[in-house]
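Let's take a walk through this structure together. Have the sequence and the model side by side as you read.

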Amino acid sequence: MGFEVVRGAALSWGAIGLWSSAYLAETLGSREIPVRVGGDDRNLAAREVLHGELAPYSYVFQTSILFGAPRLLGDLSLPLGAPSPADLLEINLWYGPSGNHAPLHFDTKDNYYVQVAGEKRFILVDPAKTDMQLADASSPDWRKGRLDVGSGGVDAAEIVLHPGDVLHMDPFMGHDVTAVTDSISVNFWYKARLDRVAPEMVYRLAFWLSQSDDPKSELNGFILPNERANVASFLIETVQEYCSGQAGKHVRAASDDWLAELECLLCG
Ligand SMILES: O=C(O)CCC(=O)C(=O)O
């Protein structure tokens, strides 16, 4: 698990120097995009959000470019060193005014984050090494940390991205993100290599899958290097092995019903 910053790796992309809130408003027009205003999530017309009165307050988060705004694709490339395009799950747009804050959380995907305009600060925490104070694995907030990343003594890395910089975060890497200035970014989510995920996080993932309506399709977001290896079997075996070696606080015994149920749902 880890992260890597490649400074200026995307400087030659068409989006750099071209994208602004006005350009995005023109290009996306009346298309509805997800916007967080205060604590309230809404879908609003891009032009209204990016051009209008809402602009100073709104956080455009995780707007699909790949499926929702393909006209923007021509201004982008695939990040250098990224996995095969066959494993690409999503390309998202993030726009936020200065001070905009996404609190500490992790995602289950391989993330290539590209800064297009303005500056963004990432505080990176590895949940396999540092107690992010995660909610119980059964909580809907299982990916959110409660650790105060601003307090001293936290084992965290701080990175400020400038236009053209690319940050690669492994799946399950904790991140707390703040716009230092008005900021536009794009991120590429790829399928996660399950064999690279720490066993405790595989355990948490398995528990979450056991609560999910469609665990089989959720598991499509994960891969193994060896095509013959079965992702579902690997997941179950990793959790069994992890549980057998633990009497720890987060861990339920491997004999618990949920693991058997999950095994039926995934492998059956
Ligand atoms: O840029 C942001 O505000 C948040 C980005 C994020 O959470 C992500 O890329 O997973």
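Which domains does the domain assignment of the protein give? Keep in mind that this is a predicted model. The assignment gives domain 1, covering residues 3-190, and domain 2, covering residues 194-267. Between the C-alpha centres of domain 1 and domain 2 there is a distance of 28 Å. Where the two domains touch, domain 1 supplies 12 residues and domain 2 supplies 13 residues. On the side of domain 1 that touches domain 2, you will find 7 nonpolar, 2 polar and 3 charged residues.

Now turn to the ligand. Around the ligand sit Trp-94, Gly-96, Ala-102, Asp-107, Asn-111, Tyr-113, His-175, Val-177, Ser-185 and Asn-187. Two or more residues of this shell come from each of strand 5 (88-96), strand 7 (110-117), strand 11 (174-179) and strand 12 (183-190). Sorted by class, the shell holds 4 nonpolar, 5 polar and 1 charged residues.

Our last stop is a pair of helices. Helix 5 (residues 231-244) packs with helix 6 (residues 257-267) at an angle of about 165 degrees, and their axes are 10 Å apart. Because angles over 145 degrees count as roughly antiparallel, helix 5 is roughly antiparallel to helix 6. The crossing in which helix 5 passes helix 6 is left-handed. Helix 5 makes the contact through Ala-232, Ser-233, Ile-236 and Val-239, while helix 6 uses Leu-259, Glu-263, Leu-266 and Cys-267. By class, the residues of this contact of helix 5 with helix 6 are 6 nonpolar, 1 polar and 1 charged.

Notes. Residues are numbered from 1 along each chain as its sequence is written. This is a predicted model: local features need pLDDT of at least 70, side-chain atom pairs count only at pLDDT 80 or more; totals for chains, interfaces and linings use all residues. A residue is near a molecule or strand if its C-beta atom, placed from the backbone, lies within 6 Å of it. Helices (H or I, at least four residues) and strands (E, at least two) are DSSP runs, numbered from the N terminus. Ala, Val, Leu, Ile, Met, Phe, Trp, Tyr, Cys and Pro count as nonpolar, Asp, Glu, Lys and Arg as charged, and the others, Gly among them, as polar. Domain bounds come from an automatic or database domain assignment. Two residues are in contact if their C-beta atoms, placed from the backbone, lie within 7 Å. Axes are lines fitted to C-alpha atoms, for helices over the stretch in contact, and angles run from 0 to 180 degrees between N-to-C directions. Angles under 35 degrees count as roughly parallel, over 145 as roughly antiparallel, 65 to 115 as roughly perpendicular and the rest as oblique. A crossing is left-handed if the near helix is turned anticlockwise from the far one by less than a right angle, and right-handed if clockwise.
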